[in-house]
Amino acid sequence: MVLRVYVFLTKWQTLSHLSFATTYSYFSEIYLGRVAGVFHYDRNIRYNLTFQEAKEACEKDFAASLADRMQLFTAYQQGLEECRAGWISSAEVAYPRVHKNWNCGQNHTGIITYGIRENLLERWDVFCYNPHRVSCGGVLQGDKGEFQSPGFPQSYPSNMDCTWEVTAPPGHLILLAFHSMALEEHKGCQYDFITVFDGKREEGVELGRFCGSQLPPPLRSSSNTMTVQLRSDASVELDGFSVRFHSVKPPS
């Protein structure tokens with residue numbers, strides 16, 4: 001499989017034709033769950049959707065459509081970043097990278113594409129487009145803060161995939177403490193659940209997956225970054241969660 005990197009202007013062009021100096025100014029302000037109406041989706045199983053299934057997942061689960069090239073590029077310009085490839089409407093498989101990472105696009109930035117796929121039965125994730133979908137997630141920076149699930153303390157929406165990336169000052173760790181939690185109960189937390197990562201989502205170690213109403217224990221990062229992801233399925237929406245974080249010095 002050939003890895004190609006493009007950005008979409010009036011047509012797809014090579015990465016060297018565009019400067020990305022302005023892209024980074026967006027990053028601390030964007031919603032990671034949805035940017036410019038575009039969002040990544042996998043139906044809770046990585047790389048499991050054919051092209052037709054991807055189209056149906058967007059339509060049935062979100063009343064959305066497959067994102068097209070321009071929509072994905074616009075979202076990338078506003079800070080959308082993923083490490084997992086997905087179908088778009090042209091039967092192309094691609095994903096946006098804002099920051100360099102060897103494990104995600106071999107340090108390339110822009111729209112990473114595997115081209116138009118001849119075999120539409122290949123299984124990938126998908127990028128959907130719905131400009132009216134509820135925004136959630138974000139990038140949080142500072143010594144302390146608090147965030148909640150969408151709509152808290154009322155019910156969170158169904159079919160959500162929200163990511164909060166928390167960054168403390170350099171040389172500090174993050175202590176995360178949940179103060180309220182009510183998600184659909186399931187022994188394996190397969191329906192509605194929170195996953196906490198030590199570091200960035202695509203690189204970090206999973207610290208735990210949580211659901212139900214029992215509060216998770218306080219969680220500490222090993223660096224100055226921690227990520228919290230909320231995913232919900234198509235039914236049984238409860239009150240959600242509220243969580244606080246603050247930075248701490250590493251143990252001496």
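This is a predicted model: local features need pLDDT of at least 70, side-chain atom pairs count only at pLDDT 80 or more; totals for chains, interfaces and linings use all residues.
I took buried to mean under 20% relative accessible area, exposed over 50%, and partly exposed in between, with a 1.4 Å probe and protein chains only. Residues are numbered from 1 along each chain as its sequence is written, and side-chain values use heavy atoms, without hydrogens and water.

Entry on helix H1. I took helices (H or I, at least four residues) and strands (E, at least two) as DSSP runs, numbered from the N terminus. H1 covers residues 51-62. I found Phe51, Ala54, Ala57, Cys58, Asp61 and Phe62 buried in H1. They share one side of H1, because they cover an arc of only 125° around the axis, taken from the directions from the helix axis to the C-beta atoms. The buried residues of H1 pack against strands S3, S4, S5 and S8 (contact: heavy atoms within 4.5 Å). Just after H1, I noted a positive phi of about 50° at Ala63.

Entry on aromatic pairs. I searched the whole structure and found 10 aromatic pairs. Rings of Phe, Tyr and Trp (its six-membered ring) pair if their centres lie within 6.5 Å; planes under 30 degrees apart count as stacked, over 60 as edge-to-face and the rest as tilted. Tyr114 and Trp124 form a tilted pair, 5.4 Å centre to centre with 35° between the planes. Tyr114 lies in strand S7 and Trp124 in the loop between S7 and S8, so the pair ties together parts 10 residues apart in sequence.

Notes. The expected span of a helix is 1.5 Å times one less than its number of residues.
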